[in-house]
Structure formats: C-alpha cells, structure tokens
Amino acid sequence: MKHSLFDSIFAAAKLLLILSFVCSGLLACNSSQNAVSVEDSVLDVESLVEVAVQPVLSQRLSDDMSLPHQMLPSGVPNTYDWFQVPRLGFGNYPGEFSAFLSWGQAYLAAGTEPVDNVRIQMAHLNSYVLDSLDMRWYVLQSSSDVAGRHYREDFVDDVNKPADLRTETLGSSVTMTPGYNFHFWPKHSGRKGVSESRIAGVISVVAARLVLDDPTGPDNRDQAQYLMSVGSDYWLNKLAGWQQWTTNGDVGIGRFSRINNDWQWFTMHSLSQQQLGQALPELPKLVLEDKVSD
C-alpha cells in the first residue's frame, strides 16, 4: 500500500513536470508567432511628428468630416455617396489592401465656369498615421509639391487629360477647365506599405489658395468658385493599376470647401471624437508669403 502510494505520487509529479514543459513550449510558440506577426506587419512611415493639443485643428478636422459640403462640386452624380457630404470609407481597416496614397481633388462649384487669370496653388499634401504599436503619430506620406491630371468630374472610365501645372515658390498651381476636376497626388512620394494591425488613425491634409495666372492682369479671384477636398486611398499593393475600384478604396473623402485668396488647410480623418481632443500632429508652417488661415 505504501509502495503503491509512492508510485502514484511519483507518477503525478512526473506528469506535472511534463505538462509544465508542454505549456512552456506552447507559450514560447505563441510568443514567437506574435513576434512574427509584429515583424511581418508593415507601416512605411517617414518620421515621427511633433504633436500638441490643437483646438483649432481639431475643430477643422471635425467639421471636414461632419458638415455638408460648403458648395456642391460640379458634375458629381447625386447617386455618389460623397455628392453632398464628406464620408468615411475604409477608415482604419484596409483589409486586404496593403498600400496607401494621399490625394486631393479640386472642382468647379456646380453651375459655375472657370475664371480667367485665376489658378489654384497647392502645397504640403501630407498624411499622418497613429501607429497602434506605440500609439505615436508619424508622417506616413509627405510631399511639398503635387502631381496630377484633369479627370472627368464623375471619374467614369478613368478618362483624364494633362493639366496646366506650374511650379510655384511653394508647391504648384493649376488652372481649371470645364467638365473636368483636377485630381492630384504627391509628386515626390509613391504608395506606402501599410498593415491594418498598425493603423489606429489617419489624417490627410493639403494647403491651398487662389493666385493670379498673370500677376500684371486683372484680379478676378473673387469671381472664382473653386472647391477643394482631400482624402487618401488604400491600394491592393504598391504597383496595382486602377481596375474600376476593385484594386483600391478610399480611407475617406473630406468636405468640399471654397478656396479663397489666403492659405487654408483642407482635411480628412478617421479619428474618434475622443482622439480629436488629444494631441494631434503639428502641420507644416507656410511662412514664405501668407499665414495659413484657421
């Protein structure tokens, strides 16, 4: 009886020892898998960005994703869900898409025509990402200048043509043409690699204002009803071509607001109201000529 009890105790201890090794192995395996998951996740950021609590920027971001468009963009069908209001698309959840690109779009206001001697100047098409790994803000994509083309206002069949782009002291400017928008993207930065597990928030911005085509000519800027909206896209990968919106989808589309003679920021974001009240990325300073209006 004593011998049998000793054997039972010994067997139980041996089993516990084996189980401890198995559990340790499983934990190590799970830990290793997590490490691989983190290592395999992608976020092609450019740099950390300074942050601060900014009530004015917070309000602008909130307005640009909640208020109706200041004026309706010309030629956009009323069946499009961004016809009258900004809206969030994929937001922080790109799914199978693994690349990112900032963009903007300038439109004539509905029922208006291009105005002589007026150009739209654009600068600092930037996007920022809140990395879910460390909850810090990074510059995901930045470009002081833009490239782009005139597209059909409804984007049907991707019909487009060259734009009259002119290099400015800061950024570039473009003239508008009837029946077409001006759709643009970063001039000095291609698509950025992203993973859904790394995205806790996205902000895209661009600065714009009206300038004269010929500084010695008439100043007709008060007659120009030109609109600006900014957003960004997720793409299937860095090289995928456009295929009727099957290879890309937007993070969101910001509010259309009228462009005026002073620099102002146009924005889009995927943040919660709580996040909007926290520290946000500090935007570039436009110090060459005019101060950006709030």
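How much space lies in the largest pocket? About 540 Å³ of space lies there.

## The model

This is a predicted model, in which local features need pLDDT of at least 70 and side-chain atom pairs count only at pLDDT 80 or more, while totals for chains, interfaces and linings use all residues. Residues are numbered from 1 along each chain as its sequence is written, and side-chain values use heavy atoms, with hydrogens and water left out.

The protein chain has three helices and 18 strands. Helices (H or I, at least four residues) and strands (E, at least two) are DSSP runs, numbered from the N terminus. Of the 294 residues of the chain, 48% count as buried; buried means under 20% relative accessible area, exposed over 50%, and partly exposed in between, with a 1.4 Å probe and protein chains only. Among contacts (heavy atoms within 4.5 Å) between residues at least 6 apart in sequence, 80% join residues at least 24 apart.

## The largest pocket

The search for pockets uses a 1 Å grid over the protein atoms alone and a 1.4 Å probe; a pocket is an open set of points with protein on both sides within 12 Å along at least five of seven lines, and lining residues have an atom within 4 Å of a point. Grid points are joined across faces, edges and corners, and the volume is the space filled by probe spheres set on the points.

The largest pocket, at about 540 Å³, is lined by 21 residues, of which H183, D233, W242, W245 and N248 are the closest to its centre. Strands β4 (99-108), β11 (180-186), β14 (226-235) and β15 (248-253) each supply at least two residues of the lining. By type, the lining divides into 12 nonpolar, five polar and four charged residues. Here Ala, Val, Leu, Ile, Met, Phe, Trp, Tyr, Cys and Pro count as nonpolar, Asp, Glu, Lys and Arg as charged, and the others, Gly among them, as polar.

## Strand β5 and its partners

All 14 of the 14 residues of β5 (residues 118-131) are buried, so the strand is largely enclosed by the rest of the structure. Two strands pair if DSSP finds at least two bridges between them. β5 pairs with β13 (199-212) in the antiparallel sense over 11 bridges, and D131 stands opposite I199 in β13. Three bridges join β5 to β10 (residues 172-174), again antiparallel, with S173 in β10 as the bridge partner of Q121.

With β6 (residues 136-141), β5 pairs in the antiparallel sense over five bridges; Y128 has V139 in β6 as its bridge partner. β5 and β6 form a hairpin with four residues between them, and M135 in the turn has a positive phi of about 55°.

The bridge partner of I203 in β17 is H269. Six of the six residues of β17 are buried. Q264, F266 and M268 point one way from the strand, and W265, T267 and H269 point the other way.

Helix α2 (residues 55-64) has the buried residues L57, S58, R60, L61, S62 and D64. Their cover includes β13, β16 (257-258), β17 (264-269), α3 (273-276) and β18 (280-281).

## Salt bridges

Side chains of opposite charge can pair when their charged atoms come close. A salt bridge is a side-chain nitrogen of Lys or Arg within 4 Å of a carboxyl oxygen of Asp or Glu, and by this rule the count comes to 13. One of them joins K238 and D44, at 2.9 Å from N to O. K238 lies in the loop between β14 and β15 and D44 in the loop between α1 (2-40) and β1 (47-48), 194 residues apart. K238 is partly exposed at 45% relative accessibility, and D44 is partly exposed at 26%.

D213 and R119 form another salt bridge, with the closest N and O atoms 3.0 Å apart. D213 is in the loop between β13 and β14 and R119 is in β5, so the pair ties together parts 94 residues apart in sequence. R119 is buried at 1% relative accessible area, whereas D213 is partly exposed at 33%. R119 and D213 also belong to a network of salt bridges with D164, R166 and E168.

In the salt bridge between R152 and D154, the closest N and O atoms are 2.6 Å apart. R152 counts as partly exposed at 31% relative accessibility, and D154 counts as buried at 13%.
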